Amino acid sequence: MARLPRLIVPHQPHHVIQTGANNQDVFLDTDDYQTFLGWLRSAAKTYKVAIHAYCLMPNHLHLLVTPSDDTGLGQMMQWIGRYYVPYFNQKYVRSGTLWNGRYKTSLIDADQYFMLCSRYIEFNPVRNGLVSRAEDYPWSSYCHHAGIRPDGLVTDHAKVWELGNTPFQREAAYSALSEPALTAEEITLIGKSLLKGWPLGSQQFQTALQNRVKRQVLPAKRGRPFKIKPVRE
């Protein structure tokens with residue numbers, strides 16, 4: 001099934017992925033990671049996008065963000081590209097595109113999937129064999145959430161605040177919640193939704209979203225025309 005046009009809804013969390021062209025590495029040394037994170041912080045502040053979780057992998061990156069309007073996320077990603085791509089090309093004496101097309105995103109049902117997506121993002125280095133523990137990877141938000149090292153880039157989502165009344169309680173709860181590894185089914189569900197641009201949520205969430213934005217948000221069944229249910233005033 002084809003990927004749907006990108007869907008951005010203000011004040012809702014979105015899972016974002018950007019990959020290197022032909023899966024090439026886009027971060028080659030510590031300065032690259034630090035430089036990108038610095039520009040990400042500036043762009044997020046400028047365009048009013050809250051960064052809840054992130055992970056920079058050698059050849060791609062994941063973000064879990066909430067935009068304050070329907071244009072800020074796209075503007076943030078474009079702004080970063082305008083700075084990071086020339087920096088990378090000049091440093092490594094190359095030219096041309098760095099990214100594999102435009103970023104992809106999946107809108108998230110916070111109540112059901114926010115914490116799962118956060119864990120999916122932060123444990124990506126473990127799943128890919130870069131480290132044995134999430135806290136050993138320096139380019140993700142896990143250490144912030146686990147209380148190991150504060151990260152000024154991260155804005156804690158309301159679902160994180162619900163984990164406890166104090167920072168210690170929240171950090172301990174987050175660490176405990178992260179101990180069970182994601183199942184193969186969970187990994188497949190998140191990855192498929194992200195790459196196809198589908199919203200990730202319950203049937204009730206998807207139906208309400210479809211009525212709210214007045215457009216198709218999931219692939220239509222074969223042979224049946226898409227219809228938007230009328231909204232009761």
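Guide: Buried residues make up 48% of the 233 residues in the protein chain. This is a predicted model: local features need pLDDT of at least 70, side-chain atom pairs count only at pLDDT 80 or more, and totals for chains, interfaces and linings use all residues. Residues are numbered from 1 along each chain as its sequence is written, and side-chain values use heavy atoms, without hydrogens and water.

Visitor: What makes a residue buried or exposed?

Guide: Buried means under 20% relative accessible area, exposed means over 50%, and partly exposed lies in between (1.4 Å probe, protein chains only).

Visitor: Why is the largest set of 56 residues called a nonpolar core?

Guide: Its members are buried Ala, Val, Leu, Ile, Met, Phe, Trp, Tyr and Cys residues joined through side-chain atoms within 4.5 Å, so the set is a nonpolar core. F36, L40, I51, L63, M76 and Y84 touch the most other members. The elements giving two or more residues are α1 (30-46), β2 (49-57), β3 (60-67), α2 (72-91) and α3 (110-122). The largest share, 9 residues, comes from α2.

Visitor: What makes a run a helix or a strand?

Guide: Both are DSSP runs, numbered from the N terminus: helices are H or I with at least four residues, strands are E with at least two. By that rule the protein chain has 9 helices and 4 strands.

Visitor: How do you know which residues I51 touches?

Guide: Contact means heavy atoms within 4.5 Å. Leaving out residues up to four places away in sequence, I51 touches L40, A44, L64, V65, M76, L153, V154 and T155.
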